[in-house]
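Hi,

Here is the structure I promised to pass on to you. Have a look at it first, and then read on for what turned up in it.

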Amino acid sequence: MIRLEKRPQPSATMSWATPLLAVVATMIFGGALFAALGKDPIEAILTIFWEPLFGEFSFFYRPQLLIKGAPLVLIAIGLALGFKAGIWNIGAEGQYIVGAICGAGAGLAFYPTESIFIFPLMILAGALGGCLWALIPGFLKVRFGTNEILVSLMLVYVAEQLLASMSLGLLKNPEGFGFPGSRNLQQYPSAHNAEIITNTGMHWGVVAALIAVIFSYVLLTRHRLGFAIRVTGEAPRAAKFGGVNPARLILFCLGMSGLLAGLAGMFEVAGPSGQISIDFNVGYGFTAIIVAFLGRLNPLGIVAAGLLMALTYIGGDIAQSQLGLPAAAIQVFQGMLLFFLLALDVLTNYRVRFGTGEVA
Amino acid sequence: MDLSAINPILLIAAMIAASTPILLAAIGELVVERAGVLNLGVEGMMITGAVCGFIITVNTGSPTVGFIAAAVGGAVLSLLFAFLTQVALANQVASGLALTLFGLGLSALMGQSYVGIKPPRTEATPLGPLADIPVIGPIVFGHDMIVYLGLAIVAATWATLKFTRVGLVLRAVGENHDAAHALGYKVKRIRTAAIFFGGACAGLGGAYISLIRVPQWTEGMTAGVGWIALALVVFASWKPWRVLLGAYLFGGITQLQLNLQGAGVAIPVEYLAMSPYIVTIIVLVILSSDKSRAPGSLGRTFHASG
């Protein structure tokens, strides 16, 4: 008989080991999935994890790691703040879209004027847009006690419709021959989020992600507010007695995660993606949830997890073109990772005991 | 704009059909939540049911077999959630999200060679002369089997929860799992059974979308219905009959905005398409002041410390 015995303290070793174990388990079961799809599992796994980093064309893929990793890290850092406090913002995808719309809108409003103030203004607009979008569930939770999970998620669908409306209407390129989608910001120098160092993938979004990581690390380990977040997550009643204002904490966590998601959207639309279009969003907001958990809600862990997730995106693309692996297989692969992580996490909080215990 | 193009009798009949997927998913989730488990994976189970039902119906030619397969598909996926939350004692919110992300990916993978195929038609239940009664006929008696099955499940759930021992035990587990455990009830086993039932209902609801409502397979076609169903359980204060009422309200709005799109109302299509989600938020706001009805152990992990 296998029994679980609660540990007095979560195991520190296991807390670091479980994400690694989860990655290994996902590789094994993912390999089995690829084999079931009629692909050579070893080759597929190598294509996903080895090819982008050390393969023949790695000079092309390595910069992609930063381009795809930056939005994931940026969003996940914000989500982790809330998740730590038990505030579940799962609508980052919507905040990402609204941030992109506001950022691009602010830039396009000045087209074709060239000025160094346009890009900073777009950053502000993107951050503000995402922040306000996330404050809707925040405000409703504080004022009416509405469940933030459902409201933030409903707003993703609203944001998607808004995106469709914008790319067909207000922000549509007047010189686009009637095709949906805005002007390409890459061809508008003042608004273009260009690479800071060519061929490295290093754009302003990467800088913002690094700042966010440092900021959140300091906040969580050195600041009173970070302490309040941690206590609220682990013992809400104790936090209340300790003088934490729950309403303010909810607004801070949701507002901050929305702000970062909005920034991610803005940097994406002004740089790698280039234009507002109907299918501009690719689900970073949802993948970032996996990143946040895989990184153990810890800023440094999130960087590692974000890069790993970015790797599966890039490797997935390569596997799609070289081995004909369906795009959805990578999505399943990423979902599996979260499953194994959650399942193996039991080892962090519980000891597994074998043998017959007394009747429970 | 031509509102006269909307036939009110057909509109009401269509509203009932439109509310069936939400109704099925919500009544399943209601049972899960009454057992004290919050499963946020409804969307994932629905889409898996949608794709399973579609594939089997296309291959066997029988919608009945397809619907059974959909229920099985949703239920099997829900067992993953049951394993995570009941055996590995993982956080229910995170596990539910994982289930949805995984289900969306899995369904896209399974259904990729079925895009653009038309499934065999599901015939309306032959109720003979009843369907020919003017006005009431098409509204009440002109539907397919699943609409009536949904209503039957609601009635059965209500009766089971209210009048039977099984229902009492289920509610006890949901209200206070420690007390239920002390009384000797198998908390985990009961919860796993509830999760399984919820998965089957969500699967059926998903298949109703892919086989009857649309009827076609496209990636992510449930488009948030699973999440609306979750909101509906809160709306219904965890009461079966109010789930029915709420499902008709949401299904009605979905259908109405589709008809308004068709009638060419001067509101852009995108803003009409937003309406079901915005109405969900508004309704949540109005009703969330009263949390007292929520099961006492909802969302809490149970571990019997020996």
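Which residues are buried in helix H2 (residues 41-49) of chain A? They are A:Ala44, A:Ile45, A:Thr47, A:Ile48 and A:Phe49. Please keep in mind throughout that this is a predicted model.

At the start of H2(A), A:Asp40 has a side-chain oxygen that comes to within 3.4 Å of the backbone nitrogen of A:Ile42.

**Inside the chains**

The largest nonpolar core has 208 residues. The residues with the most contacts inside this core are A:Phe34, A:Leu74, A:Ile75, A:Met122, A:Leu185, A:Phe293 and B:Trp227. Leaving aside neighbours within four places in sequence, A:Leu74 is in contact with A:Gly205, A:Ala208, A:Ala209, A:Ala212, A:Leu260, A:Leu263, A:Ala264 and A:Phe267.

Another residue to look up is A:Val213, which lies in helix H8 (residues 204-222) of chain A. A:Val213 counts as buried because its relative accessibility is 8%, and the cut-off for buried is under 20%. Not counting residues up to four places away in sequence, A:Val213 touches A:Val73, A:Ile77, A:Pro299, A:Leu300 and A:Val303. Between A:Val213 and A:Leu263 there are 14 Å in space, C-alpha to C-alpha, and the two are 50 residues apart in sequence.

In chain B, have a look at B:Gly74, which is found in helix H3 of that chain. Is B:Gly74 buried or exposed? B:Gly74 is buried, because its relative accessible area is 0%. With residues up to four places away in sequence not counted, B:Gly74 touches B:Met45, B:Gly199, B:Ala200 and B:Gly203. The C-alpha atoms of B:Gly74 and B:Thr218 are separated by 18 Å, and these two residues are 144 residues apart along the chain.

**Salt bridges**

How many salt bridges are there over all chains? The count comes to three.

- A:Lys141 and A:Glu148 form one of them, and their closest N and O atoms are 3.0 Å apart. A:Lys141 is partly exposed at 24% relative accessibility, whereas A:Glu148 is buried, with a relative accessible area of 4%.
- A:Arg296 and A:Asp345 meet through their side chains in another, at 2.4 Å from N to O. This pair links distant parts of the chain, 49 residues apart: A:Arg296 sits in the loop between helix H12 (284-294) and H13 of chain A, and A:Asp345 in the loop between H14 and helix H15 (346-349) of chain A. A:Asp345 counts as partly exposed, at 21% relative accessibility.
- B:Asp178 forms a salt bridge with B:Arg300, with 3.9 Å between the closest N and O atoms. B:Asp178 lies in helix H8 (residues 177-182) of chain B and B:Arg300 in the segment after H12 of chain B, so the pair ties together parts that are 122 residues apart in sequence. Both partners are partly exposed: B:Asp178 has a relative accessibility of 42%, and B:Arg300 has a relative accessible area of 41%.

**Where the two chains meet**

Chain B brings 45 residues to the contact and chain A brings 40 residues. Between them the two chains bury about 3,700 Å², with 81% of this on carbon and sulfur atoms. Three residues of chain B, namely B:Leu101, B:Leu109 and B:Trp227, supply 16% of the area that chain B buries against chain A, more than any other three residues.

What about polar links across the interface? There are zero salt bridges between chain B and chain A, and three residue pairs are in polar contact. On the side of chain B that touches chain A, the elements giving two or more residues are helix H3 (63-87), helix H4 (92-110), helix H10 (225-235) and helix H12 (269-287) of chain B. H4(B) gives the most, with 13 residues. By type, the residues on this side of chain B divide into 33 nonpolar, nine polar and three charged.

Note on methods
Residues numbered from 1 in each chain as written. Chains lettered and ligands numbered in written order. Predicted model: local features only at pLDDT ≥ 70, side-chain atom pairs only at ≥ 80, totals over all residues. Heavy atoms only, no water. Contact = heavy atoms within 4.5 Å. Buried area = accessible area lost by both parts, 1.4 Å probe. Salt bridge = Lys/Arg side-chain N within 4 Å of Asp/Glu carboxyl O. Polar contact = N/O pair within 3.5 Å; in protein donor to acceptor, adjacent residues only side chain to side chain. Helix = DSSP H or I, 4+ residues; strand = E, 2+ residues; numbered from the N terminus. Nonpolar A, V, L, I, M, F, W, Y, C, P; charged D, E, K, R; others polar. Core = buried A, V, L, I, M, F, W, Y, C linked by side-chain atoms within 4.5 Å. Buried < 20%, exposed > 50% of the residue type's maximum accessible area, 1.4 Å probe, protein only.
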